[in-house]
Amino acid sequence: MSKTTIPAGGITDSAVTTAKINADAVDATKIADDAISEEHLDATAITGHTALTSAPAGTDEFLISDGGVLKRLDASLIGGAGLVHLNTTSNSSAHGSVEVDGLFSSTYTNYLVFFQCTIASGNEHLAMRFRTSSGNHTSGDYEFHFRRLMGDSDSTNIRRNTNHTECQLTDGLGTDTQRVSYRGTLIIQSPNSSSERKGFIQQAVVTDNSGNPGYMFGGGQVKTSTAMVGINFLASSGNLTNSTLRVYGIVDS
C-alpha cells in the first residue's frame, strides 16, 4: 500500500490542490466578504434557474447596483404604478361568448380591459357578466347607465337600474343584416372583493356595417359582495364573429 509522506513542516501552500480538499469542505466561513467577482460567475447563475413566463408581480424583486451598492428592488417601483398583463384571448371564428376565469385575485384592486369584437348581426347589443367560482353571475343585481352618440346629433341615453342579469354595454345598432364592430375599454373596480360592490367604467367606439361611427360611454355595478374571478362577454343573441380580449392588473402605487 502506498503511503503519503507529509513533509516535516506540513503541506506548503503551493502543494494544496483541489484534489486534497474534500467535497463541500469550503463553506461561507472560508470565503472572504466581497471576494466573489464577475470573473467567478458563470451565466448559469441566471440561466440555470426557473424562468418567469409572465410579467413580474409588483412584489417580485430585481438585483440592482445603486451607486456601486447592491440592492434589491420591487418590480412595482420600476416606473411607479403600471399595468401587468394577465390574459389575452382571441377567437376568429363564430362563437357565442368569451369567458375567462382566473383573472381577478387579491393581487390587484382594479383592472383594465381592452375588448374588440364584431357582432354577427344588427339590432343586438353587447353585454358583460362577471363570473364567480361557480360560473356566470346572473342574479338580478346588475345596474348600468350609458350614452351613445351617433353622427352629428343622434344620441341615445340608456339606464337600467333594477333586476338585470347582465351589464349591457351597447344598444342594438343597424338592421338585422348589418354587423356591428365594437372597440372599447373598461376599468373594473374591486371585482375580487368580498365586502364591496363591483363597479366598472366603459368607453367605446362602434361602427355599423354602413360605416356609421358612434361613441359610447358610461358605467355600472353589480350590487353584491360576492367575490368575482372572471368575466363573460356575449351578444344579446346569436354569435360574435371575432373577438379579442386583453386584461391587465393595475399596480397600486
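Which residue in β11 is the bridge partner of Gln116? The points below answer this and describe the surrounding structure.

1. Basis of the model. The coordinates discussed here come from a predicted model. The protein has 253 residues, of which 33% are buried. One helix and 15 strands make up its list of secondary-structure elements.

2. The bridge partner of Gln116. In β11, Gln116 is partnered by Arg183. This bridge belongs to the pairing of β5 with strand β11 (residues 180-189), in which the two strands run antiparallel and are joined by 10 bridges.

3. From β11 to β12. Strand β11 also pairs with strand β12 (residues 198-207), again in the antiparallel sense, through nine bridges. Arg183, the partner of Gln116, stands opposite Val205 in β12. The reader can therefore follow β11 from its pairing with β5 to its pairing with β12, bearing in mind that side chains in a regular strand alternate between the two faces of the sheet.

4. Aromatic pairs. The structure holds six aromatic pairs. One of them is formed by Phe114 and Tyr248, with an edge-to-face arrangement, 6.0 Å from centre to centre and 90 degrees between the planes. The pair links distant parts of the chain: Phe114 belongs to strand β5 (residues 110-119) and Tyr248 to strand β15 (residues 240-250), 134 residues apart. Phe114 is described as partly exposed because its relative accessible area is 34%, which lies between the limits of 20% for buried and 50% for exposed.

5. An aromatic cluster. Ring pairs also link Phe104, Tyr108 and Tyr111 into a cluster.

6. Contacts along the sequence. When contacts between residues at least 6 apart in sequence are considered, 71% of them join residues at least 24 apart. The pair of Phe114 and Tyr248, with its 134 residues of separation, illustrates a link between distant parts of the chain.

7. Surface. The protein has an accessible surface of about 15,300 Å², and carbon and sulfur atoms account for 48% of it. A nonpolar surface patch of about 530 Å² is made by Val16, Ile21, Val26, Ile31, Ile36 and Leu41. Within this group, Ile21 lies in the segment before α1 (44-47).

Terms used:
Residues numbered from 1 in each chain as written. Predicted model: local features only at pLDDT ≥ 70, side-chain atom pairs only at ≥ 80, totals over all residues. Heavy atoms only, no water. Phe/Tyr/Trp six-rings, centres within 6.5 Å; stacked < 30°, edge-to-face > 60°. Helix = DSSP H or I, 4+ residues; strand = E, 2+ residues; numbered from the N terminus. Buried < 20%, exposed > 50% of the residue type's maximum accessible area, 1.4 Å probe, protein only. Contact = heavy atoms within 4.5 Å. Areas by Shrake-Rupley, 256 points an atom, 1.4 Å probe, with all protein chains shown as cover. Pairing = 2+ DSSP bridges. Patch = residues over 30% accessible without salt bridge, like charges linked within 9 Å, V, L, I, M, F, W, Y side chains within 5 Å. Salt bridge = Lys/Arg side-chain N within 4 Å of Asp/Glu carboxyl O.
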